[in-house]
Amino acid sequence: MRKTAAALAALGLAVLGVSATATTAHAGPICNSKWPGNNNRDGMVRAWQLNDCSGIYLGGTQSWDSDWGNSSGPFQGNDDNRASSVMNSGYVGDFDIVAFYRLPGYGGGYACLAPDELFADKLSDNYFTNDDPVDNRISSHRWVNSCSNLLT
């Protein structure tokens with residue numbers, strides 16, 4: 001029973017963790033300057049090496065990427081386990097939530113960023129469903145229509 005309660009609490013933190021950060025993340029001046037605007041959504045998920053959408057731009061895509069560390073797909077090589085801020089300027093509708101995963105192949109724990117959250121400018125405040133910190137630990141992502149009951 002205790003493990004179930006802990007797992008549910010962790011799931012709530014992981015699912016809401018990015019939300020909580022994103023609510024206050026709008027104060028990030030660099031992320032704010034890079035946000036395309038609600039009327040100019042471009043269907044992209046983006047990631048940066050440092051907080052507040054700064055440092056090395058790791059990449060952006062409208063598609064999924066099952067392995068940020070391989071040599072194919074929108075994120076490659078050194079992009080794996082390197083993101084400290086992310087943005088969701090995806091189109092609003094079906095499959096508009098970005099699920100970020102701890103491991104390649106959409107494995108390990110996950111954390112989500114909904115389109116109305118815009119961005120998370122400091123991933124060190126967030127945890128995957130497996131209790132690992134999100135900062136510098138994203139290895140894959142995909143677009144989903146719900147952040148509950150994702151298989152990992």
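This is a predicted model: local features need pLDDT of at least 70, side-chain atom pairs count only at pLDDT 80 or more; totals for chains, interfaces and linings use all residues.
I started with the side chain of Asp135, which makes a polar contact with the side chain of Ser84 at 2.6 Å.

**Entry on Asp135**

Where does Asp135 sit? I found Asp135 in the loop between strand S6 (119-120) and strand S7 (140-144). Next I looked up its charge partners. Asp135 is buried, yet it has no salt bridge. The nearest side chain of opposite charge is that of Arg137, 6.4 Å away.

Then I set aside the neighbours within four places in sequence and checked what Asp135 touches. That gave me Ala83, Ser84, Leu123 and Ser124.

**Entry on Ser84**

Ser84 turned up in the loop between S2 and strand S3 (85-89). Is Ser84 buried or exposed? Its relative accessibility is 6%, so I put it down as buried, the cut-off being under 20%.

A polar atom of it lies 3.0 Å from the backbone oxygen of Gln49. Gln49 is also among the contacts of Ser84 beyond four places in sequence, and so are Trp48, Leu50, Asn51, Asp121, Lys122, Leu123, Asp135 and Asn136.

I looked up one backbone distance too. Ser84 and Val134 are 50 residues apart along the chain, but their C-alpha atoms are separated by 8.0 Å.

**Entry on the sheet**

Which strands make up the open sheet, and in what order? I read off four strands, S2-S1-S3-S6, with antiparallel pairing. S2 and S6 stand at the edges with a single partner strand each, so one side of each has no neighbour in the sheet.

I took a look at S1 (residues 44-50) and S2 (residues 54-61) as a pair. They run antiparallel over five bridges. One bridge I looked up was that of Arg46, whose partner in S2 is Gly60. S1 and S2 form a hairpin with three residues between them. In that turn I noted Asp52, with a positive phi of about 55°.

Technical notes
Residues are numbered from 1 along each chain as its sequence is written. Side-chain values use heavy atoms; hydrogens and water are left out. Helices (H or I, at least four residues) and strands (E, at least two) are DSSP runs, numbered from the N terminus. Buried means under 20% relative accessible area, exposed over 50%, partly exposed in between (1.4 Å probe, protein chains only). Lys and Arg count as positive and Asp and Glu as negative; His and the chain ends are not counted. A salt bridge is a side-chain nitrogen of Lys or Arg within 4 Å of a carboxyl oxygen of Asp or Glu. A polar contact is a pair of N or O atoms within 3.5 Å; within protein, one must be able to donate a hydrogen and the other to accept it, and residues adjacent in sequence count only if both atoms are side-chain atoms. Contact means heavy atoms within 4.5 Å. Two strands pair if DSSP finds at least two bridges between them.
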